[in-house]
Protein chains: 4
Amino acid sequence: MGNFRRVPIGIIGASGYGGVQLVRLISDHPEVELSYLGGESSAGKSFSDIYPHLADVCNLQIETLDPDIIAQHAEIVFLSLPNGLACHLAPQLLDKGCKVIDLSADYRFRDLSIYSSWYGKERQDCKTAATAVYGLPELYRYQITEAQLIGCPGCYPTASLLALSPLLKQGLIVPGTAIIDAKSGTSGGGRQGKINILLAEADNSLGAYCVANHRHTPEIEQICSELAGHEIMVQFVPHLVPMVRGILSTVYASLRDPGLVRDDLITIFRAFYRNSPWVKVCNPGTYPQTKWACGSNLCYIGIEADPRTGRIVVMSAIDNLIKGQAGQALQCMNLMMGWDETLGLPKLGFYP
Amino acid sequence: MGNFRRVPIGIIGASGYGGVQLVRLISDHPEVELSYLGGESSAGKSFSDIYPHLADVCNLQIETLDPDIIAQHAEIVFLSLPNGLACHLAPQLLDKGCKVIDLSADYRFRDLSIYSSWYGKERQDCKTAATAVYGLPELYRYQITEAQLIGCPGCYPTASLLALSPLLKQGLIVPGTAIIDAKSGTSGGGRQGKINILLAEADNSLGAYCVANHRHTPEIEQICSELAGHEIMVQFVPHLVPMVRGILSTVYASLRDPGLVRDDLITIFRAFYRNSPWVKVCNPGTYPQTKWACGSNLCYIGIEADPRTGRIVVMSAIDNLIKGQAGQALQCMNLMMGWDETLGLPKLGFYP
Amino acid sequence: MGNFRRVPIGIIGASGYGGVQLVRLISDHPEVELSYLGGESSAGKSFSDIYPHLADVCNLQIETLDPDIIAQHAEIVFLSLPNGLACHLAPQLLDKGCKVIDLSADYRFRDLSIYSSWYGKERQDCKTAATAVYGLPELYRYQITEAQLIGCPGCYPTASLLALSPLLKQGLIVPGTAIIDAKSGTSGGGRQGKINILLAEADNSLGAYCVANHRHTPEIEQICSELAGHEIMVQFVPHLVPMVRGILSTVYASLRDPGLVRDDLITIFRAFYRNSPWVKVCNPGTYPQTKWACGSNLCYIGIEADPRTGRIVVMSAIDNLIKGQAGQALQCMNLMMGWDETLGLPKLGFYP
Amino acid sequence: MGNFRRVPIGIIGASGYGGVQLVRLISDHPEVELSYLGGESSAGKSFSDIYPHLADVCNLQIETLDPDIIAQHAEIVFLSLPNGLACHLAPQLLDKGCKVIDLSADYRFRDLSIYSSWYGKERQDCKTAATAVYGLPELYRYQITEAQLIGCPGCYPTASLLALSPLLKQGLIVPGTAIIDAKSGTSGGGRQGKINILLAEADNSLGAYCVANHRHTPEIEQICSELAGHEIMVQFVPHLVPMVRGILSTVYASLRDPGLVRDDLITIFRAFYRNSPWVKVCNPGTYPQTKWACGSNLCYIGIEADPRTGRIVVMSAIDNLIKGQAGQALQCMNLMMGWDETLGLPKLGFYP
């Protein structure tokens, strides 16, 4: 390969599901190498203590969090910590010249008062936050290219916004009619010993949670409003589904022009995502299965129009841990580094 | 028990999931006994060839379909056949004095032209159909008591109508805003060797199907319209969930009076179902899990109001094969026979 | 029902899966009523805080553990606590006249030094322990009838011993050749937030654990040795299977007389279990599925002989939380009280 | 990439799970390209009719089977047909100069009379069959390099033989004591609409099948005997597990020298597989989970010795559709073509 230097990468919060996806994805990426793992509860352990089958991929030790040492080892730092921690670490890492890609909610909000009211934490890093770019490349590709700090979207917002954006950007739906019925596998709950995501509890069952008050609501509304050019309110209800990975968002909205038929809408979506290699708009009559997306960075979108009711139904399927989390973070990294958006990312899972 | 006579029961279509639930439920019912099994593809087999573990419960042979012989053996006949067959059999059985409880779509529609356009079959039995009662006891308890012929609701309509009825009956929602996002376990697809409900295909995946054109739509709309007193159109989208049993219907609608709060709505639902022992309205903040209902004839209903959007969200959970099918059929039988509505039906499954 | 008094029951350790099965089973039992719930970590909570859908079945508060108060409220006490706690509580409850049925390992061992070496706890209650009867009714029916203290078997030993007993009792197999490959659903791990039984980790995966050193090994060997009349060693390897409930034990052993054919062996098993209503020996060529047993107190046993290798293969399937735990405890209670062994216990689950 | 020519590949039997894995794997392989799809029941369809989400990967039409046309389009042909068909097609394809890699049972047996007695089909292609090499590279690497025709192992034999080979080759176990308790996900049953592998039937259940008479038994015994240098008989019992992919074989055998401890055995296994990049022998005390292997061509092997019983327990985990089927076929192709054994094959799945 010649005298080629891989860019050194640090992952902070390596033991969770976001961390293990990042480790796995980086191991396949041709331009970077993993050089540092940090963590809080897992500090002092070896990565392979936690994931024994990955011993050959990564035998790094998980270090305690010291910004100086992180910056010595890594040019790009992924923060995969619980909400409310990245905002303390990111300013220091940026100061030391690192590019920072945060997977938590800390840098997703333009208006920090919204963050504070939904996440219950005051923020001191307003200047830093003002430089953050929302890491949804299909909408903010150019801004990501220029950014030093990325606030990666939540898993539900990723699926939901990819389904809604063409409609809002082009003013195709009646404001305020958008309803998002979202369904997620239980890995979205993280690698934590919580009773409700035990197999014994969650398997062969299904239920809604955080009805009308999930924290991803203001995040979705912020971007929807920006796209529409005015305040948009959405109805968002998440459900826990007995499966490991995957999100399906079923989005309902009333069309402004009920004369629009399915094929028109598919054409509009395909045009909107013309330059987005990770979005696949299905053929008429085909609706996405979450399994199609699992193990890849793809988002599959299916579209139906109901002439009886004048509504559009958009279904979007992603792997919540890849396009909904770590894969999208690497997609952002690719753009920040001037690389091809698809570089090193999984194009396809295995079926079935 | 004295010189007590159990009422003899016939099941036609015994080999499918509806049939095996009926066999199982009847084995626990104190007033009836199974006396006849009939079938088409399974005729000639013993029931225990198909379900070996049930040999002690039922060792009847499955007979070919002869109305004379059925009527000799059974006073009450459950028809659990594919759509379009009951309408040939029911008139003959009624003539011979049997009470008939049909689990197919054949006797669910007051207007047979709707049936014909959605199910692709012309009907000659208009007179018979006109005597049929829609077998949802929570809405048509009195009529069921008087009926000789019941058209039992589909599984999705059962869950959806129990969620919508109090709202429509009392005019609480804006007509035309009702959206039903329904999710079902794969047993709803029946005991047929179809690729899409193989474990390998359906497990760890999720998708919508029959978007905006599922046959349960006109059935739901018929009853909704009757409750509202005018034509109601609903948006109905079903999804296949990787679990065996259970349906969750998440119903969205705009409140006419956005001042109604959650507790008011819960009070209204509880009043509506005051005399319905099989419906449980959850406490504020509690949302039903399908697992709660599995193995019982219960429907759990959870209610949330969203003051931001002025919408109500109602979630209803049932076991699709019991309250959504065979249990409800027995509930109808209890009413037709003048027995207590809960007699012999399972009040509770096992958890987890 | 006349002036009939139900026997008051106490459950200590009500919040776990053993406890919730007991609550559910007792609610269906015609001769007893639940009068007391006790717990440690859950003390102070209402039972319906933990299991909201069971509010109508049980609205008792969970009390702290005070033997005096327990004995005032309950004549029969089920202890469903972590290992090592019952041995402190049982002696006091017996002194106060309660019958005690313990679901932990504390009273399963005739030789307490074996208990101490496998469970790491010294014991002071030797006299009490000497009065305990091993609660496997199919083997110790008569002794259970006379007992005040029952040590209920573990879930794996129940399935494994029911498969092995006829062979050992009649000396049909070569000692030392018995291998038990056992597979369990994850509810066997209890209602605890452990990472390895999260749905995200355990679903779509399978592995062995505690290979050659699981604590159920000495328990199985104790009873096997007693049946054989000499020391028996077994190879026991448990596996975690991605399902909620159910255990399958596949037992391999070399026949002393390789001339014994499958039908002979089935005849021998059926004779052995002639008076055991909860054991069903399958017809030739039929092998049990765990789903058959789930939701019931049944054990299904399938038998195959391999003339090529001279081995017998016995497969036994139970619901780990019913016949493997709480149902068996009630079966013991029935015997202790002189009631029919099957009284009030579930004879059949729902299929599929 | 220069003026580089990819080797054209044909897949016969493209619509099944073997076929879709081959299509997917070939899309990632740097030296080959898919040029032909053939099938029987699926002939005439486009591949993307069957797998819509793979339309971008493969838009070939599935052709009827004509050896001349196949040989015009492909240099290497994978046969992924039901048993008993490859033996008609392979001789013609070999004659026309193709390399043939068969995934069915047709070319796995050195002694065709064994094939005929277990598969119920007489064979005319003895000469061709005599040239076939058993496609387990870890045992027959050199012979595969030289072969024109490969009979790829079954999924169970792959897992079982990788667990047993070091023991047999080195005479470490007592002949005749080997017992294989194997567990498979339901995708092993193929993409066929069979009732027993419906999600509704197979989920949350577990059972053995083909006890003591599964067709993989003689295949395992053939290779075991060859390794041992004398006839070996094994006890093989497969189980169906409620998961999509993955096989775990738990292998029990009595050690000739009971003094051998676990660490010795791990050392012996590691030496045996020193040059086998796709086999990973776990550290002491670590047992493989099938999920570790899923989505990769790896086989993970865990080893335990039980000093009490003198037995070894070996657990091997593979992805039944990759290392157990299509991945292994490509591994053979790599060897036949003189490429690196790991070329283009997936080294790691995603977790969890």
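Please keep in mind that the model is predicted.

**The two interfaces side by side**

| Interface | Residues in contact | Buried area | Carbon and sulfur share | Salt bridges | Polar residue pairs (both at pLDDT 80 or more) |
|---|---|---|---|---|---|
| Chain C and chain B | 30 of chain C, 30 of chain B | about 2500 Å² | 65% | two | 14 |
| Chain B and chain A | 49 of chain B, 49 of chain A | about 4000 Å² | 54% | four | 32 |

**Chain C against chain B**

Let's begin with the pairing of chain C and chain B, where 30 residues of chain C touch 30 residues of chain B. Together the two sides bury about 2500 Å², with carbon and sulfur atoms supplying 65% of that area. On the chain C side, the residues that lose the most area to chain B are C:H53, C:F350 and C:Y351, and together they account for 31% of what that side buries.

Charged side chains meet here too: the count is two salt bridges. One of the pairs to look at in your viewer is C:K280 with B:D56, whose closest N and O atoms lie 2.3 Å apart.

Which elements of chain C give two or more residues to the side that touches chain B? They are α1 (17-27) and α12 (290-293) of chain C. Of the elements, α1(C) gives the most, with five residues. By residue type, this side of chain C divides into 17 nonpolar, seven polar and six charged residues.

**Chain B against chain A**

Now to the other pairing, in which 49 residues of chain B are in contact with 49 residues of chain A. The area buried between these chains is about 4000 Å², and 54% of it comes from carbon and sulfur atoms.

How many salt bridges are counted between chain B and chain A? The count is four. A salt bridge joins the side chains of A:E221 and B:R308, with an N to O distance of 2.5 Å.

On the side of chain B that touches chain A, strand β8 (residues 179-184) of chain B provides the largest share, four residues. That side of chain B is made up of 26 nonpolar, 12 polar and 11 charged residues.

Key. Residues numbered from 1 in each chain as written. Chains lettered and ligands numbered in written order. Predicted model: local features only at pLDDT ≥ 70, side-chain atom pairs only at ≥ 80, totals over all residues. Heavy atoms only, no water. Contact = heavy atoms within 4.5 Å. Buried area = accessible area lost by both parts, 1.4 Å probe. Polar contact = N/O pair within 3.5 Å; in protein donor to acceptor, adjacent residues only side chain to side chain. Nonpolar A, V, L, I, M, F, W, Y, C, P; charged D, E, K, R; others polar.
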